[in-house]
Amino acid sequence: MNDMRSRFSFDRIAATTLETLAWVGLATAVVAILDSVATPAGLGSLYLIAVLAVAIRRGQMAALAAAVLGVLILNYFFIQPLHQLTIADSDNVVALGVLLLAALVVGRLAGQSRLRAAEAELRAEQAAAREREAVMLADAATALLGGTDDLVTAISAGLETAGRGELRLGASSAPDPQDGEISLRLPTDARPVWLYAAASASWTEADLNRIATPLARLLDVAAERENAAARSAEAEAARQADAAKTVILHAVSHDLRSPLTAVRTAAAGLREEGTTDEDRVALIDAIEDESDRLTRLIGNLLDLSRIEAGAVHPLTDWCDLLDVISGTVSHIRDPLSSGRIQIELEGELPLVRADASQLDRVFSNLIENGLRFSPPDQPVRITGGVGAGKVTVRVVDRGPGVPGSQRSAIFEPFHSAGGDRRDGVGLGLAISKGFVEANGGELRLQGDSADGTAFAVSFPLVEQPAGVG
Amino acid sequence: MSAGGSRVLVVDDEPQIVRGLRVILTNAGYRVEEATTKQEALDAVSVRPPDAIVLDLVLPDGDGIEVATDIRRWSQVPIVVLSAVGDERQKVRALDAGADDYVTKPFGSEELLARMRAVLRRKSEDGDSAVRLGDLEIDLADRAVRRDGEQLHLTPIEFDLLGKLAEHPGRLVTHRQLLQEVWGPGYEDETHYLRVHFAHVRAKIEPDPSNPRYVITEPGIGYRLRVE
């Protein structure tokens with residue numbers, strides 16, 4: 001820095017000297033031309049112009065030098081006796097004295113005005129700098145009020161615009177400056193934020209210190225706002241979770257109470273003395289059916305709670321999807337129902353990695369759903385194959401299909417087509433999707449609503465195990 | 001079918017379930033004894049071994065798996081466990097501990113009685129080593145499988161697998177048991193062997209292999225031969 005200043009100063013002295021010499025030289029040239037038509041003392045005022053010019057442009061010291069030099073040249077070259085620094089005529093002495101004095105006064109006046117001009121310029125520069133800081137802080141404040149997600153980033157962007165890319169902010173516990181940047185810790189209450197200024201920047205340390213405090217206050221306000229927003233979001237999430245729990249409790253208690261009521265009523269009917277044998281059989285059937293319904297509902301609730309709690313923990317092993325489905329179908333008790341299931345899988349499917357008993361729950365839900373929504377004379381078909389790097393099995397029914405508006409909602413718990421929630425129907429698809437995804441597969445709804453519904457269960461096609469004994 | 005007066009020990013602490021089981025089993029011709037705790041169960045088995053045990057997995061003084069483990073140290077009495085829905089792990093642990101089969105609560109009477117018949121069925125029942133399933137005949141002595149009298153060609157491993165199921169028709173045979181007995185120790189985790197070979201067995205013996213009538217899969221647990 002010192003090197004630069006002295007070099008700068010040296011250049012300036014050289015320039016000043018040259019310019020002073022030039023002005024004096026110019027005046028001398030004019031004096032030489034006019035020497036024959038005017039008195040040397042009168043011509044001396046020409047040097048006054050040169051002194052004035054130098055004073056305005058180069059200041060008081062240069063003006064004094066120009067005046068002395070001018071007087072010496074006039075004396076030596078133009079006043080008798082020539083080529084001596086003596087003066088014969090006393091008029092000329094006075095004239096030279098006046099010239100010197102005038103030069104001093106003019107030079108001083110010009111120099112002062114020049115200094116004032118320089119001060120004014122400096123003040124203007126400072127005013128511009130303050131304005132720049134003010135604009136920058138205003139931009140930062142705007143970013144804050146705009147409620148952007150990450151306020152450090154937002155304010156930093158504002159800074160970069162206002163600070164012409166020379167300033168930036170970074171939130172980190174330790175400073176992390178880039179090449180040659182100056183780092184300054186902002187006096188924030190909350191997390192530490194650093195202000196970085198580029199080395200080439202016009203920002204001095206004093207400038208940076210001046211903006212550090214208002215920036216820190218802005219960031220603190222921003223942090224407080226973020227906290228408040230987070231707190232209200234948490235409160236809202238808790239409220240929604242409570243609302244959802246209430247809905248689920250209502251749904252579950254309704255679904256549990258209906259079969260219980262049916263069982264209780266059937267038992268009371270059995271106790272009546274007047275009940276015929278035929279009625280007794282019907283009541284016993286009702287008890288069995290309603291108990292099965294309760295069993296399914298409780299099983300589904302248990303599965304759902306495991307899925308929602310992320311506690312599925314599949315016991316992954318090699319699974320033959322066809323094998324799993326045949327097991328599922330063999331457990332469907334009602335022979336009328338199981339007769340409607342058509343397995344249309346050709347040949348063998350590649351083995352997939354999954355938990356067989358969880359897949360059993362998946363296919364049991366999908367097949368029972370299909371049976372429930374299909375007309376009684378229509379089959380539920382199971383098709384599938386390999387393609388696009390996946391092993392896929394589809395459960396296809398001839399039911400009324402799923403309207404476009406509900407296609408994404410049907411996988412939500414407690415959603416059910418037509419508001420029918422018998423047997424906890426509203427849980428089956430949510431459970432199936434949960435189990436399939438926990439096993440690394442995919443459950444999608446396919447087929448258009450006019451042609452029934454197809455649920456496709458896909459698993460990645462993996463390299464098959466070597467050697468089968 | 002008469003149960004020939006076999007004695008069944010029911011181990012469960014739920015009076016209503018015990019009462020229901022007593023009615024169902026007695027009507028089917030069994031003689032029913034009861035135990036409500038783990039200790040009572042072990043005492044009853046050691047004093048007078050029953051012909052079969054129906055064992056609940058949740059007992060007031062312990063867990064049914066411990067009862068099965070203890071009994072297996074000195075007795076091969078058939079054990080059918082009662083497991084709760086959604087409790088696949090417990091089920092597998094009980095089977096590994098030596099239980100022979102399971103029914104999932106709540107269960108129907110036909111299901112329970114089918115399991116009881118399967119675990120009580122002797123290998124040498126009727127002095128015949130052939131098992132008949134509809135038009136299918138599995139001859140364990142000749143290592144032959146016939147449909148309508150016509151011989152089907154199974155590889156030795158395929159016959160071993162089918163034979164293991166046929167030794168106890170209707171009874172569950174776990175993956176572990178099949179792998180140990182057919183391939184030998186050290187192969188217990190190679191369940192994909194079973195998937196592949198049972199697919200072949202089904203292709204040969206089932207009228208509709210994709211909708212099997214005889215070889216039934218218990219997903220994640222094992223296989224059984226359907227007899228009725």
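Colleague: In the hairpin of S9(B) and S10(B), which residue takes a positive phi?
Modeller: This is a predicted model, in which local features need pLDDT of at least 70, side-chain atom pairs count only at pLDDT 80 or more, and totals for chains, interfaces and linings use all residues. Residues are numbered from 1 along each chain as its sequence is written, while chains are lettered from A and ligands numbered from 1 in the order in which they are written. S9(B) and S10(B) are antiparallel over 4 bridges. The hairpin has 4 residues between the strands, and the residue with a positive phi, near 50°, is Arg143(B).

Colleague: Which residue in S10(B) is the bridge partner of Leu136(B)?
Modeller: Strands are DSSP runs of E with at least two residues, and helices are runs of H or I with at least four, numbered from the N terminus. Two strands pair if DSSP finds at least two bridges between them. For Leu136(B), the bridge partner in S10(B) is Arg147(B).

Colleague: Which residues form the covered face of strand S9 of chain B?
Modeller: Strand S9 spans residues 136-139, and its uncovered face holds Glu137(B) and Asp139(B). Val131(B) stands opposite Ile138(B). The covered face consists of Leu136(B) and Ile138(B).

Colleague: Is Asp148(B) buried or exposed?
Modeller: Asp148(B) lies in the loop between strand S10 (144-147) and strand S11 (150-152) of chain B, and has a positive phi of about 50° although it is not a glycine. A residue is buried if 20 or more other C-beta atoms, placed from the backbone, lie within 10 Å of its own, exposed if 12 or fewer, and partly exposed in between. Asp148(B) has 8 C-beta neighbours inside 10 Å, so it counts as exposed.

Colleague: Why are the buried residues of H7(B) on the same side?
Modeller: In helix H7 (residues 175-182) of chain B, the buried residues are His175(B), Leu178(B), Leu179(B) and Val182(B). They lie on the same side of H7(B) because the arc they cover around the axis, taken from the directions to the C-beta atoms, is only 95°.

Colleague: What is the omega of the cis peptide bond between Lys105(B) and Pro106(B)?
Modeller: Pro106(B) is in the loop between strand S7 (101-105) and helix H5 (109-120) of chain B. The cis bond joins Lys105(B) to Pro106(B), with an omega of about -10°.
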